[in-house]
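Please examine the sequence and the three-dimensional structure shown here before reading on.

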Amino acid sequence: MASKFLASPIRRFLAKAHRPSASWPRHLSTAAAAAEAASSVYEDPDAGIVMKGVRISGRPLYLDMQATSPLDPRVLDAMLPFYTARYGNPHSRTHLYGWESDLAVESARAQVAALVNASPKEIVFTSGATECNNISIKGVMHFYRDKKRHVITTQTEHKCVLDSCRHLQQEGFDITYLKVGSDGIIDLEQLRSSIRPDTGLVSVMAVNNEIGVIQPMEEIGKICKEFNVPFHTDAAQALGKIPVDVDKWNVSLMSLSGHKVYGPKGVGALYLRRRPRIRVEPQMNGGGQERGIRSGTVPTPLVVGMGAACELAMKEMEYDHKRVSSLQERLLNGIKEKIDGVVVNGSLEKRYPGNLNISFAYVEGESLLMGLKEVAVSSGSACTSASLEPSYVLRALGVEEDMAHTSIRYGIGRFTTEEEIDRAVELTVKQVEKLREMSPLYEMVKEGIDIKSIQWAQH
Amino acid sequence: MASAAAKSPTRLEVLSLFRSLLRTAHEFSDYNVREYTKRRTIDGFQSNRSLSDQQSISAAYANGKEQLAIVKRQAVIYSLYAPKVKSIMELKSV
């Protein structure tokens, strides 16, 4: 313990004296050296943060609301009693701890159901939207495996939906991946013609997490009702942001996520229609909790948090929507005023305003992101960022490879301020101008040369 | 339960609630939450300005008092776990 107190001032002295090199660990005891070598984050109110070789003076401003959203303090306030005094298991029937926990879970269920215009009996709590998508796709198709062998989904779905479909494909089911237009919206006629007598499920996400476009849910619902095909939607990004109504949309299954509506991470809810009843095969077997659909102890604090977040979302939806729309306009106009060659990916009209995915021409994406280290944004979705491939969603939109690589996704939310938007505009414009100045391609474009006609020399 | 017994809050009480909310919002260590609380308080009181019947005024006042209690508790909790380094927005004066 004492070595940790010594390590910090010693290191600060050494850092001021000379560049930290392989020789400095010799000045410390082995224990301190091991402790410091283990931690690669160094936070100091004066020097800022050093992490992964990058130094920033303060915590970045957060514009990545589609990856996750900060916990609303009112939600935290609702959750804390269940982490401190009321820690009972909601399935314990014999004592007060269990009863009060159960009461809290049921009231949270009602709060979630109210936001989507469903009955509380139709909500099943899970560990997140990914689990909900797995239960919906694999569970439904496995249940009806004798009669139904076909699933229709889109090319721009979330990775977990596409992966579940691939798993089904390996089991012998047929999957149709609908193409999307350059605005990100599916073609309803193509959907209609893809439906076969043995189609067991249509899965289309309501609001896309990467580009933010809103699919025509009511029309898809009508088509599915006409052909009597169950309709599943991943509404994780849509919940609490646009009005979600299971009856208007005619959905049979809906995946909801807690941490996209300013709730806790690790909880989600699955809506399962009761009239007409949709049956699923459970993916988690056990004691039969949550109507046998999802066994396992229901995590009371997380579920209470999700319920509180949903109730807040219902109250604040209009206020937030107005504000986020005006912030999005401010961001887009601010950027477009200063630089050209800015393309918005996906339809601008049929879009949730809090998600702005822009491509900057003649700029390299990774270097743009590295330069924007004071703004927490993402390029492509968090799920696909491990590989170097451009996002499959942008490829499905027909965006060219070079534009797909330079796409940045700005996520605006309830807690974003005007000053943050202005700062983000300023930093983006500065970085793009700097990169374009260095770019030979941009020089050529300004001289009037058509880039596509260039013959690149082979080395 | 509250609407029958509570009488309509006086103008002074409403103003005092407003000031308390803004003062407690200022104590949040987190930049985004602090700005949101201030903004939401102002917008909330602004939109309820035109309320005329006693029941809705009492309900809004009671809601405001609840929110004040929540803000007080959460300001303490956020300050207990505040990171050592502040947000970029609070540091640089551009």
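Predicted model: local features only at pLDDT ≥ 70, side-chain atom pairs only at ≥ 80, totals over all residues.

Residues are numbered from 1 along each chain as its sequence is written, chains are lettered from A and ligands numbered from 1 in the order in which they are written, and side-chain values use heavy atoms, with hydrogens and water left out.

Reader: In which order do the 7 strands of the open sheet in chain A lie?

Author: Strands (E, at least two residues) and helices (H or I, at least four) are DSSP runs numbered from the N terminus, and two strands pair if DSSP finds at least two bridges between them. The pairing in this sheet is mixed, and its edge strands, β5 (123-126) and β7 (174-178) of chain A, each pair on one side only. The order in chain A is β5-β11-β10-β9-β8-β6-β7.

Reader: Which residue of β7(A) stands opposite Val151(A)?

Author: Strand β6 of chain A covers residues 150-154 and pairs with β7(A) in the parallel sense over 5 bridges. Opposite Val151(A) stands Ile175(A).

Reader: At about what angle to β5(A) does helix α5 of chain A run?

Author: Axes are lines fitted to C-alpha atoms, for helices over the stretch in contact, and angles run from 0 to 180 degrees between N-to-C directions; contact means heavy atoms within 4.5 Å. Helix α5 (residues 96-116) lies across β5, β10 (253-257) and β11 (268-272) of chain A. Its angle to β5(A) is about 115°.

Reader: What area do chain A and chain B bury between them?

Author: Buried area is the accessible area (1.4 Å probe) that two parts lose on being put together, summed over both. Here 29 residues of chain A are in contact with 24 residues of chain B. Of the buried area, 55% is on carbon and sulfur atoms, and the total is about 2500 Å².

Reader: Which residue forms a salt bridge with Glu131(A)?

Author: The closest N and O atoms of the pair are 2.7 Å apart. Glu131(A) is in helix α6 of chain A, and its partner, 163 residues apart, is in the loop between β11 and α11. That partner is Arg294(A).

Technical notes. Salt bridge = Lys/Arg side-chain N within 4 Å of Asp/Glu carboxyl O.
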